[in-house]
Every structure is written in C-alpha cells, then in structure tokens.
Amino acid sequence: MPYVLGVDVGTTRTAAAICRLARVGRPDVEVVGLGGPGGGVSSTLRITPEGDYVVGDPGDPLLTASGFARRVGDDVPILLGQMWVAPEDLTALMVMYVAAQVAEREGEQAAHVAVTHPADWGQHRKDLLAQALRQVGIERPTLVAEPIAAVENHLAAGGGGEVQAVFSMGSHAFEASLVRRSLGSAAELLGANEGHDHPAGVDFDDLVLGHVRSELGRDLTGLDPADPWVTQLLARLRFDCEAAKRALSGMPEVTIPVHLEEGTREVRLTRPRFEDLIRPAVDLAVDTLVRTTTALEAPDVVLLVGGSARIPLVADLVSGAVRARLAIEAAPETSVVKGAALVARQAVEGPDAEPEPRETSVLRRFDDPSLRFPVGELGLSDEDFAAPPPRPSVDITPLDLPERRSVKRVVRGLKPAGAGGSRRSAPAHDEDDR
C-alpha cells in the first residue's frame, strides 16, 4: 500500500514513522523500528577503510561523526579519517539510510518524505539540506519545523487549541516555541527560543553520575582514568545512570550498581533527591517558555515533547507557570516524527477537511439558532394536522410447523469431524429418543 515517510534526525537518535495513503477517516501513523533502542537508531555515521558509511555503529572517534544534524549550515566541515564532509551531507546520508530501510520493509519506496529541522533554521540552512537530500535521491522533500510537526501530531490525535506552545526537551537540546494552528488552516510558527545553553537529558545523566561519585567518594574518584578497565567501568556506569534517570519517571527510587574491582557497590537514589538535582535546570527551561509565551501570545495548550518530558517534575513546573492545558503523549519522544509523517501525507493528499460538529443531539434549548425548527415555535395548531389514514386489514395464515425434534435427535443428524480432520457419518437411528 502506498505510504509517506517522516524522518527526525536528532542529535542522539534518528526516528522514522510512516502514514498510509488513501485511507478514510483519521490518519493512522506507525513508528518504524530501525533496530536501535526505543525503535530508532543512533545518529552516528562511521566511515570504513573502504570508504563506505556505517550507520548506528560508533567506533574509532576519528572515523565516527555524531551531532551533525544540528550543525547544518556550519562553514566548518566534519573530518572523518582524511575526508572533510559537510554536516548537511551527513544528515542526508542518514535520511537516505532510513528511507532505504523502510522501503525494504514495505516493498516499495515512499511516495513522499518529510524531514524535521529545528525551529530557528533560516532559509539558507533549509536550502542546504534540501539540496543534499536531492543529491542522495530524495526528490522534492518537505522540510518541517519540529514544533509544527508536534502540533500536527497533537491535532491528528484529537487534541484541540488554536495556539499551541511546544516545550521540547530531548537529550541534548531544549526549545520553547509557539504555533498557531487550527483545523482547516496552515500552521504558523509565531516564534521560538532554542536554548543552546540550556541543560537537557545528558546533563541530567551527569547530575546522577555526580550523585554516585559523591556517595562513593575516593572508591570511584581515586581510579586511574587512563586504565582501560576504568574506562569500561565508567562507560557502563554512565549507561546505568541514564537508565536510572528514565526509571525514576515511574518509580519512587532506584538502585544504581557500580561494578568496582573489589565487588559491586549499590547507590540509592530517590525521586525527591533526583528532582532536587535537576530542579535548577528545569526552572531555567520553564522560565524560557514563560518569556516566549509572554512576549508573543498566551497559549491554549502546552505540548510536552521529547524524552525528558516524561520526568514528572517537568509537567509539575510547567503547569504551575503557564495557565494552559497540558498535553503529553505516552511516548513524547515520537511526537515530532509522527507529525512529520502527517505533514508528508498532507503534501500528497492535501490538508484534512474540517470534521463535522460532534454535537448531534436535538435535546437543546429551544432558542438555539442552530436548530432549523426550534422546539415550541412552529406556530401550528392541532387543526393544521390531518388525521392519519386507516390501517389496511391483514390476513393471518397459520404456519405449517415441522415436527418438533429433541436436542438428541438434532445432534444425531450432524456429521462430526473425526480424527485428522476427516468426517464420518453418524449411524442412523429410527427408534425414539430415550
């Protein structure tokens, strides 16, 4: 079945979603599994000695590139081995890889591709990425700002509001945006404030790691960082700190294992302690959201987007600072890529028509002007209505019912299936039921 593709190349992770075409009713968006954690794939490209690119498999730092999507438009290219590569070319290669993976799964190429970008991109950056995408075979791509994609996903899921604020906090970036989008009209980005210096998810991981260091003292800080075994230990510990951060979104406390040479030590971290660690960073992000909305327009709804939006403290502080309804998905890290797929669908099939009003009941006030014939104001008397015609006579013919059969007789007349799926006729019995 024909489909369109949305791709979100993030700093840490690349995600994809598809939307089937020619379907009636609300569009159905499906996040595509690319084989990495969370369904996506690591946003890394490694060049091999043969000159090929390998996606999602970091190796030698001198041969591996990451974070290139945020550097599109940078005059300084990225050095891979002995090759200088522009960030937009690496981003286009990432999109090409995703499109090929999805096409192999679906058995055909996508009818259209939409790619997300930060809200603060100007026309120069968008032109560079569009040209790089055409060079890898993706013709006429649609480039959509991340907050607009998040709003499209919100409205397609049945959400409301004409002015939407988007609070986006991922692993490496934070962004506060304001979008005006109502049903039947195009989305308009009113303004955005991308916090390049704002702490985000990886900074929260560092805070958890700092808590572990302070709890263990010299048992951890006294290790030699040049020792390969210590390097491996710290890499595993950082992974466990990230997992603990995610687990605290649904648990009151966690235990972080630290695999030291003399044995495994465990460090306890409660949610209140974690919230104390990250509160200054979240306060800074919420202040940015408040300044953005105050300078532009009061929102009807605030969308929480990005993996760090799962943290309960984020929703608590946003709701206390902005007088608007909060909206957050079960998987806020996929809101943007699903919206990109919906934008790609609109590029092929056109914008969705405004749905019919949901109110269909006639039990409403008689002075409601939307009623064609308001109840109690017809102005007719009983004499204006003619009496109904007489009913015609009906002939009733008795039915000739068959002989009544008992349950046993009915069962005997069936042909049950035997072993192996063969069917055997049941022996006939003429005697009466017993």
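1. Which residues in α2 are buried? The model is a predicted one, and in it L129, A130, A132 and L133 are the residues of α2 that count as buried. They lie on the same side of α2, because the arc that they cover around the axis is only 165°. On the other side of α2, H124 and Q135 are exposed.

2. As for its geometry, α2 runs over residues 123-135, which makes 13 residues, and the distance from its first C-alpha to its last is 18 Å, close to the 18 Å expected at 1.5 Å a residue. The cover over the buried residues of α2 includes α1 (87-106), β10 (113-117) and β11 (142-145), and two of these elements return in the points on strands below.

3. The stretch that follows α2 deserves a look at its backbone angles. Just after the helix, G137 adopts a positive phi of about 100°. R140, which sits in the loop between α2 and β11, also has a positive phi, of about 45°, although R140 is not a glycine. With a relative accessibility of 68%, R140 counts as exposed, since the cut-off for that class is over 50%.

4. Is strand β10 mostly covered or mostly open? β10 is mostly covered, with 5 of its 5 residues buried. V113, V115 and H117 point one way from the strand, whereas A114 and T116 point the other way, and all of them are buried.

5. The pairing of β10 can be followed on to other strands. With β1, which spans residues 3-9, β10 pairs in the parallel sense over 3 bridges, and V7 stands opposite V115 of β10. β10 also runs parallel to β11, to which it is joined by 4 bridges; here H117 has A145 of β11 as its bridge partner.

6. Helix α3, residues 146-156, is mostly covered, since 10 of its 11 residues are buried when the limit is set at under 20% relative accessible area. After α3 comes G158, whose phi is positive and near 100°.

7. On cysteines, how many disulfides does the structure hold? The number is 0. C19 is buried, with a relative accessible area of 0%, and C241 is likewise buried, with a relative accessible area of 0%.

8. Finally, some totals for the protein as a whole. There are 10 helices and 18 strands, and 39% of the 434 residues count as buried. Among contacts between residues at least 6 apart in sequence, 59% join residues that are at least 24 apart. The protein exposes about 25,100 Å², of which carbon and sulfur atoms supply 52%.

How values were computed
Residues numbered from 1 in each chain as written. Predicted model: local features only at pLDDT ≥ 70, side-chain atom pairs only at ≥ 80, totals over all residues. Heavy atoms only, no water. Helix = DSSP H or I, 4+ residues; strand = E, 2+ residues; numbered from the N terminus. Expected span 1.5 Å × (residues − 1). Buried < 20%, exposed > 50% of the residue type's maximum accessible area, 1.4 Å probe, protein only. Arc of directions from axis to C-beta. Contact = heavy atoms within 4.5 Å. Disulfide = S-S within 2.5 Å. Areas by Shrake-Rupley, 256 points an atom, 1.4 Å probe, with all protein chains shown as cover. Pairing = 2+ DSSP bridges.
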